[in-house]
Amino acid sequence: MASPATTTTTNPSEPWLLENGTMKRLTRTANGHSRTAHNMSSSSLRKKSDMPIISKLHSSILRVLLSSIHEVIFGTTLSLLLLAVPAAVAAHYFRLPQPWVFAMSLVGLIPLAERVSFLTEQISFYTGATVGGLLNATCGNATELIIAIFALLQNKIDVVKYSLLGSILSNLLLVLGSSLLCGGLANISTDQTFDRKQSDVNISLLLLALLCNIMPLLYKYAAANDQNPAADASNTAKAILYLSRACSVVLLFAYFAYLAFQLWTHNDIFESQEEEEEADLDTSQDESPVIGLWGAIVWLTGMTAFIALLSEYLVDTIEAASTSWGMPLSFISIILLPIVGNAAEHAGAIIFSLKNKLDITLGVALGSATQIAVFVVPLSVIVAWIINVDMDLDFRLIETGSLFLGILVTAITLHDGTSHYLKGLVLLLCYIVIGATFLITDLPFDSTKNDPGAGSQSSNLLML
């Protein structure tokens with residue numbers, strides 16, 4: 001009798017889910033539930049344990065309540081890190097030094113982000129394909145979006161730009177590089193292979209986002225060299241702002257077209273997943289929902305509220321932490337925030353790379369970078385527009401150059417559909433060089449906003 005993995009049929013009407021900008025039918029369980037790359041990545045950090053005491057309780061309400069708490073709070077290997085959440089609240093309430101509040105908030109976001117992924121997967125058991133896909137897309141980068149919104153409310157545009165740029169670079173170079181390096185070393189006798197179709201789509205969208213970031217920068221320097229007296233700094237700033245808003249609308253249109261492309265019109269592109277990937281998955285894993293629909297919604301609401309609270313603490317204390325630790329704000333925002341904030345997701349991507357499942361790894365790394373570049377960044381500009389904050393897409397020269405080189409080296413690395421440890425090492429070394437650059441150079445976004453030619457005069461070099 002054929003195994004379930006070999007009898008699975010391809011049907012255009014099958015449910016599809018989206019996470020971090022990437023939709024694909026990775027596996028289909030017996031109950032018809034489809035799982036995404038991001039769901040599978042996060043699930044690698046979950047743990048299962050029997051609940052003999054809870055199952056013996058006579059009260060059904062108490063049994064359901066305790067079972068839900070057990071699954072949500074203790075159902076992850078990161079459960080101990082949840083202690084950082086009340087620790088951050090207590091540190092803020094008792095007015096401990098702000099760097100302590102920042103550190104506790106940063107650590108507390110690690111398990112919360114993983115739990116949000118778990119809860120969206122639980123809700124997707126009960127919803128249709130479209131609702132589940134859109135829910136996963138919305139919550140995929142909830143942490144980055146919430147931090148951006150709180151920073152915009154405090155008019156900290158530099159924190160928004162730095163953190164979103166850092167998330168893109170982290171996914172493209174650190175996560176993907178570490179995954180390819182570890183996977184290549186674990187499978188050193190042969191090259192790892194993956195489906196190029198999904199990576200080509202993501203790279204094309206990243207290049208579109210790069211274009212929208214480069215044009216305001218080019219316009220600024222073109223206007224600075226313009227001999228026309230009318231081209232003053234004030235007019236240039238307004239033009240860049242209007243251009244950025246127009247580009248943001250274009251990017252959002254491209255993102256929603258991307259959703260339609262993968263949900264309905266061209267979902268067959270992602271059906272080339274290797275059959276052995278499905279066969280090798282842990283079939284002992286329980287693929288039925290472990291908590292009810294309304295319980296998952298309540299928990300998701302609560303987790304999102306705590307993410308919002310810790311994000312507010314982060315934004316409030318990031319400058320104090322930068323001063324206390326002697327680190328530039330750019331380094332903390334571009335390097336430290338993305339590494340710690342998405343540690344659970346990144347660890348899952350590396351684990352699947354070790355298992356020679358690069359399509360899942362690419363779904364996490366490239367998909368997350370794509371969603372931030374073509375959805376979270378332009379949405380932040382639009383939100384800033386609504387609340388009367390002048391945020392543009394001018395990420396300055398060194399930041400935009402880092403983004404350009406990061407996308408370029410990633411595209412070249414993935415162009416042939418194969419991978420080995422040296423490709424991962426190159427990506428990782430590129431990330432180290434970029435990180436070292438921001439460690440020694442602090443370039444505030446607003447310091448030369450009205451004087452494009454003064455960038456070299458405002459650089460504050462910090463001695464290591």
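Trainee: At what angle do the axes of H9 and H18 cross?
Mentor: In this predicted model, the axes of H9 and helix H18 (residues 421–440) cross at roughly 145 degrees and come within 7 Å. The crossing of H9 past H18 is left-handed.

Trainee: Which residues of H9 and H18 make the contact?
Mentor: On H9 they include Leu169, Leu173, Gly177, Leu181 and Gly184, and on H18 they include Tyr421, Gly424, Leu428 and Tyr431. By class, the contact of H9 with H18 has 15 nonpolar, 5 polar and no charged residues.

Trainee: And H17 with H18, how far apart are their axes?
Mentor: The axes of helix H17 (residues 397–413) and H18 are 10 Å apart, at an angle of about 175 degrees.

Trainee: Why are H17 and H18 described as roughly antiparallel?
Mentor: Angles over 145 degrees count as roughly antiparallel, and the angle here is about 175 degrees; H17 and H18 are therefore roughly antiparallel to each other. Among the residues in contact are Glu399 and Val409 of H17 and Lys423 and Phe438 of H18. This contact of H17 with H18 divides into 7 nonpolar, 4 polar and 2 charged residues.

Trainee: Changing topic, how many cavities of 30 Å³ or more are there?
Mentor: The search of the whole structure finds 5.

Trainee: What lines the second largest cavity?
Mentor: Its lining has 11 residues, and Glu144, Ile147, Ser167, Leu337 and Pro338 are the closest to its centre. At least two lining residues come from each of H6, H8, H9 and H14. The lining comprises 5 nonpolar, 5 polar and 1 charged residue.

Terms used:
Residues are numbered from 1 along each chain as its sequence is written. This is a predicted model: local features need pLDDT of at least 70, side-chain atom pairs count only at pLDDT 80 or more; totals for chains, interfaces and linings use all residues. Side-chain values use heavy atoms; hydrogens and water are left out. On a 1 Å grid over the protein atoms alone, a cavity is a set of points where a 1.4 Å probe fits but cannot get out, and a pocket is an open set with protein on both sides within 12 Å along at least five of seven lines; lining residues have an atom within 4 Å of a point. Grid points are joined across faces, edges and corners, and a volume is the space filled by probe spheres set on the points. Helices (H or I, at least four residues) and strands (E, at least two) are DSSP runs, numbered from the N terminus. Ala, Val, Leu, Ile, Met, Phe, Trp, Tyr, Cys and Pro count as nonpolar, Asp, Glu, Lys and Arg as charged, and the others, Gly among them, as polar. Axes are lines fitted to C-alpha atoms, for helices over the stretch in contact, and angles run from 0 to 180 degrees between N-to-C directions. A crossing is left-handed if the near helix is turned anticlockwise from the far one by less than a right angle, and right-handed if clockwise. Contact means heavy atoms within 4.5 Å. Angles under 35 degrees count as roughly parallel, over 145 as roughly antiparallel, 65 to 115 as roughly perpendicular and the rest as oblique.
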